[in-house]
Amino acid sequence: MSDNAPSRLGAIILTGGASRRMGTDKALLPWGRVRAIDRVVALARSAGAVRIVTAGEGDFGLPRAPDPAPFSGPVAGVLAGLALLGEALDRVLILAVDAPTLTAEDLAPLLDTPGPGAAFAGFPVPMVIDPAAVPADIGQDWPLRRLVERAALAQLAVAANAADRIRGANTPAERARLLKLAGLG
């Protein structure tokens, strides 16, 4: 992180829950010998998160913000996670459990961007956001890209070698490809 990086970073991990396409809860899928949730938690800690919460279904041993509006989308989880964090944080890192092969190097541009935060162009998660930049009129059913736009987050170019890690895996075929690319399968 640069010298301009915030000193108080929190993290929200969007867990989602059971996935018909993946056959189980994506958080519990093994990536190498480590569950997806554990890989994403380790990434958040390596980024400097002082407090980590999960948003969605499943108890993973961390503070959890249950989905206040099931099936309304990930913004409901972001809002619930922000409420649960409930402390003065400079920024919050939003991660998804379906992208467990992200690296600290992938996140560095997001964390080093000044202002209200950043996301990658075309990929609203992961993102870094200043909680004060969250619009007061945000709807739980908003798409994440609308939150990115309304919060005026910088949209960064995606490095070609990072696109698959950022996209993550929502189908068995995507998971198999990502496992292979990550050298885990």
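Helices (H or I, at least four residues) and strands (E, at least two) are DSSP runs numbered from the N terminus.

This is a predicted model, in which local features need pLDDT of at least 70 and side-chain atom pairs count only at pLDDT 80 or more, while totals for chains, interfaces and linings use all residues. Residues are numbered from 1 along each chain as its sequence is written, and side-chain values use heavy atoms, with hydrogens and water left out.

## The sheet

Seen as a whole, 7 strands make up an open sheet of mixed pairing, in the order E7-E6-E1-E8-E10-E9-E11; two strands pair if DSSP finds at least two bridges between them. The edges are E7 (64–65) and E11 (154–156), each of which pairs on one side only.

E10 is antiparallel to E8, with 3 bridges, and antiparallel to E9, with 4 bridges. Met-127 is a handy landmark here: it is the bridge partner of Ile-94, and it also stands opposite Ala-119. The hairpin of E9 and E10 has 2 residues between the strands, and Gly-122 takes a positive phi near 85° there.

Contact means heavy atoms within 4.5 Å. Axes are lines fitted to C-alpha atoms (for helices, over the stretch in contact), and angles run from 0 to 180 degrees between N-to-C directions. Helix H2 lies across E1, E6, E7 and E8, running at about 140° to E1.

Pro-74 belongs to H2, which spans residues 74–85. This proline is partly exposed, with a relative accessible area of 38%. Beyond residues up to four places away in sequence, Pro-74 touches Leu-14 and Leu-144. The C-alpha atoms of Pro-74 and Val-125 are 9.9 Å apart, with the two residues 51 apart along the chain.

## Two nonpolar cores

The largest nonpolar core holds 36 residues, and Ile-52, Leu-93, Leu-95 and Leu-107 have the most contacts inside it. Such a core is a set of buried Ala, Val, Leu, Ile, Met, Phe, Trp, Tyr and Cys residues joined through side-chain atoms within 4.5 Å. Helix H1 gives the largest share of this core, 6 residues. A second, separate core of 27 residues includes Val-75, Met-127, Ile-129 and Trp-142.

Setting aside neighbours within four places in sequence, the contacts of Leu-95 include Ile-12, Leu-14, Val-40, Leu-107 and Val-125.

## Charges over rings

Arg-146 lies over the face of Trp-142, at 4.1 Å from the ring centre. The charged end of Arg-175 sits over the ring of Trp-31, 5.2 Å from its centre. For such a case, NZ of Lys or CZ of Arg must be within 6 Å of the ring centre and within 35 degrees of the ring normal.

Conventions:
Buried means under 20% relative accessible area, exposed over 50%, partly exposed in between (1.4 Å probe, protein chains only).
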